[in-house]
Amino acid sequence: MVIALIVLMAGGYLVARKRARLREAASLPFYKTELAQIADGEYEGKTYTSFLHLQLKVTVENHKIIKIDVLENEGIDGEKAKPIIQKMIDQNEVVVPAVKGAELGSLVYISCVSTALK
């Protein structure tokens with residue numbers, strides 16, 4: 001009985017923590033970015049959440065994202081969401097589909113890039 005209670009409490013805690021992270025990721029700043037209006041240069045952005053600290057340097061040339069360097073990446077989903085960088089470069093878009101299995105981390109990456117280019 002005690003073990004079942006502990007398992008139930010642990011499950012409830014994990015669900016509550018996941019919901020809190022989802023709310024936090026949904027409340028991140030996301031800016032509409034028109035790359036046609038972004039001048040050539042390097043732009044730094046950082047986004048810190050309770051589950052991921054991310055700092056990026058975005059390089060833009062001829063209104064295209066040509067490189068995104070990770071300066072800091074500490075926390076949950078940071079490494080799993082990293083392939084989103086290549087999607088942004090390939091599609092020359094800030095908002096791209098999330099990496100499956102790392103949706104929260106993907107939202108942090110998108111927020112960080114949009115903040116850098118704001």
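Colleague: Buried means under 20% relative accessible area, exposed over 50% and partly exposed in between (1.4 Å probe, protein chains only). Which residues in helix 2 are buried?

Modeller: This is a predicted model, with local features needing pLDDT of at least 70 and side-chain atom pairs pLDDT 80 or more, while totals for chains, interfaces and linings use all residues. Residues are numbered from 1 along each chain, and side-chain values use heavy atoms, without hydrogens or water. Helix 2 spans residues 84–91, and its buried residues are Ile84, Ile85, Met88 and Ile89.

Colleague: Within what arc do the buried residues of helix 2 fall, seen down its axis?

Modeller: Strand 3 (64–75) and helix 3 are among the elements that cover these residues. The buried residues line one face of helix 2, because they fall within an arc of 140 degrees.

Colleague: At what angle do helix 2 and helix 3 pack?

Modeller: Ile84, Ile85 and Met88 in helix 2 meet Ser106, Tyr109, Ile110 and Val113 in helix 3 (heavy atoms within 4.5 Å). Helix 3 covers residues 103–116, and the two axes lie 10 Å apart, at an angle of about 45 degrees.

Colleague: How far apart in space are Ala36 and Tyr13, C-alpha to C-alpha?

Modeller: Ala36 sits in the loop between helix 1 (2–26) and strand 1 (41–48). Ala36 counts as exposed because its relative accessibility is 58%. In sequence Ala36 and Tyr13 are 23 residues apart, and in space their C-alpha atoms are separated by 45 Å.

Key:
Axes fitted to C-alpha atoms, helices over the stretch in contact; angles between N-to-C directions. Helix = DSSP H or I, 4+ residues; strand = E, 2+ residues; numbered from the N terminus. Arc of directions from axis to C-beta.
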